[in-house]
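I'm opening my notebook on a structure that is new to me. I'll jot down what I look up as I go.

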Amino acid sequence: MTHPLGNPPTKIIAVHLNYPSRAKERGRIPKQPSYFLKPPSSLAGTQDTIVRPAGCELLGFEGEIALVIGSRAQHVAPEDGWSYVRWVTAANDVGVYDLRYADRGSNLRSKGADGFTPLGPRLLDARRLDPTALRLRTWVNGEPVQDDTTDTLLFPFGQLIADLSRLVTLEPGDVILTGTPAGASVVRPGDLVEVEVSGNGLSTGQLSNPVAAGEELAPYGAMPRTDPAEREAAYGAAYIPEPVLDSRIGDGLRSVAVATLSAQLRSRGLPHMSIDGVRPIGTGSMVGVAHTLRYLPLREDLFKQYGTGMNAQKRAIEEIRPGHVLVMDARRDPTAGTLGDILALRAAKRGAAGVVTDGAVRDSAVVADLGLPVYAASAHPSVLGRRHVPWDTGVPIACGGALVQPGDLVVGDADGVVVIPPDLAEQLIADCREQESQERFITEQVHAGQSIDGLYPLGPSWLESFEQWRKQQSQQGDPV
């Protein structure tokens with residue numbers, strides 16, 4: 001296997017978590033960097049094949065920026081750390097999650113196999129690069145899956161070198177893999193993974209590695225195994241777990257009208273549960289569990305940091321689980337797009353039950369044809385960055401005047417959208433069905449010419465007739 005380093009390094013050091021987007025995917029933000037070692041024998045170059053051992057299911061890719069040390073580093077200060085880097089290149093920190101359990105923490109067998117550290121194809125002169133202005137991109141089969149920049153790293157490159165050199169002497173040629181952003185996931189035999197690092201008009205070119213099936217491991221030690229937790233860790237944001245909404249509750253909410261739900265919520269002292277000002281883009285009712293995204297007002301000096309790359313808007317889409325309704329707080333500003341056709345399509349592919357925004361939707365005609373229920377304040381042609389900065393996900397938000405918490409139930413039809421506290425759902429469904437049963441009876445009486453006086457709402461003088469009607473309906477097999 002060929003790689004651009006020439007002589008092998010004395011060591012390859014890999015950082016566990018360093019990109020905020022990946023940390024959010026993992027659900028934890030480390031206070032200090034942590035590391036593991038990969039053997040130099042794991043090095044490979046562009047076009048070298050990544051082999052998935054037979055019996056392994058979860059071969060993970062992680063596009064990374066690799067630093068190649070240029071001079072011996074001991075007890076380096078953070079502000080001097082970058083001066084010890086001679087080269088920068090693209091890397092793929094490959095691993096099989098099926099063997100993580102065997103060397104928990106060290107990753108020796110899961111990430112140390114031959115060919116599991118491709119580097120290249122070109123080395124970039126670190127002296128010509130700004131370490132805070134590098135871009136990392138990864139593609140699988142030509143589709144972009146990772147795109148992030150180094151301006152928001154949890155642990156800047158100089159800090160990594162300073163931290164390591166306190167105890168470990170970094171020798172010329174040593175490699176530091178600096179962490180992967182959100183989007184790392186699983187590949188299979190026949191796939192092609194490509195990674196590129198660029199900055200200051202320079203590019204490593206695409207580190208391109210096909211994936212192939214390998215032979216069975218000899219049974220001399222731990223053998224591959226997996227479980228739901230490892231599968232979710234391996235697939236990352238691409239993992240599609242079980243639906244988040246109980247089917248019984250979902251079916252019950254679909255069986256009643258939003259107007260009825262609104263009335264029942266009001267009777268319980270909750271009159272402000274409607275998301276006001278939104279209308280359906282296209283057709284289709286919606287029932288799901290709230291997954292939230294918050295926009296803040298545009299600040300041009302912060303947009304590059306928060307609005308580009310794998311920003312909160314894109315993370316919100318990639319965090320969707322089947323049954324989620326993505327609810328966006330766009331501050332009721334209908335003059336800028338918060339969702340377009342590509343992100344709406346991705347939300348649908350992730351299993352979203354719908355999208356609600358009190359801002360605008362662009363590409364509205366295409367979005368309407370996707371079959372994904374979308375509710376918005378308006379349609380607008382603008383792209384992201386006109387009014388909003390996508391800020392964070394998974395937090396309580398205000399949407400259309402309603403407070404929405406992650407995990408709330410969200411129901412929409414032609415009349416609009418309401419938010420339902422999950423603990424009220426079962427009783428609401430029962431009471432809504434009773435209300436709608438009464439309203440069917442009342443409608444029949446009005447059709448027959450009856451006055452609404454004492455009939456609507458159903459008064460005491462009509463209760464006996466209603467119960468007789470209900471019994472007849474039940475005998476006819478019509479549930480009421």
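Predicted model: local features only at pLDDT ≥ 70, side-chain atom pairs only at ≥ 80, totals over all residues.

I started with N107, which sits in the loop between β8 and α2. (Helices here are DSSP runs of H or I with at least four residues, strands are runs of E with at least two, and both are numbered from the N terminus.) The phi of N107 is near 65 degrees, a positive value in a residue other than glycine. Most residues other than glycine have a negative phi, and most peptide bonds are trans.

Residues are numbered from 1 along each chain as its sequence is written, and side-chain values use heavy atoms, with hydrogens and water left out.

**Cis bonds**

Next I looked up cis peptide bonds. I found one joining G120 and P121, with omega about -5 degrees. P121 belongs to strand β9, residues 117-125. Another joins Y456 and P457, with omega about 0 degrees. I placed P457 in the loop between α11 and α12.

I452 lies in the loop between α11 (425-447) and α12 (463-475).

**Sheets**

In what order do the strands of the seven-stranded open sheet run? I read β2-β1-β12-β6-β7-β9-β3, with mixed pairing. (Two strands pair if DSSP finds at least two bridges between them.) The edges are β2 (35-38) and β3 (43-44), each pairing on one side only. Inside this sheet I checked β6 (residues 63-69) and β7 (residues 85-92): they run antiparallel and are joined by seven bridges. E64 stands opposite A91 in β7.

I also noted an open sheet of three strands, β8-β5-β13, with antiparallel pairing. β8 and β13 (186-187) are its edge strands. Two bridges join β5 to β8, and L59 has V96 in β8 as its bridge partner.

**Salt bridges**

How many salt bridges does the structure hold? I got 24, where a salt bridge is a side-chain nitrogen of Lys or Arg within 4 Å of a carboxyl oxygen of Asp or Glu. I looked up one of them, between the side chains of K111 and E62, at 3.1 Å from N to O. K111 is in helix α2 and E62 in the loop between β5 (59-60) and β6, so this pair ties together parts 49 residues apart in sequence.

**Pockets**

I finished with the pockets. A pocket is an open set of points on a 1 Å grid over the protein atoms alone, where a 1.4 Å probe fits, with protein on both sides within 12 Å along at least five of seven lines; lining residues have an atom within 4 Å of a point. Points are joined across faces, edges and corners, and the volume is the space filled by probe spheres set on them.

The largest pocket holds about 1200 Å³ of space. Its lining has 46 residues, with P144, V145, M310, E318 and R346 nearest the centre. Among the elements giving two or more residues to it are β10 (135-140), β11 (143-149) and α9 (341-349). α9 gives the most, with six residues.

The second largest pocket has about 760 Å³. I counted 35 lining residues, of which R22, E25, R26, E232 and A233 lie nearest its centre. Elements giving two or more include α1 (20-26) and α4 (228-235), and α1 provides the largest share, four residues.
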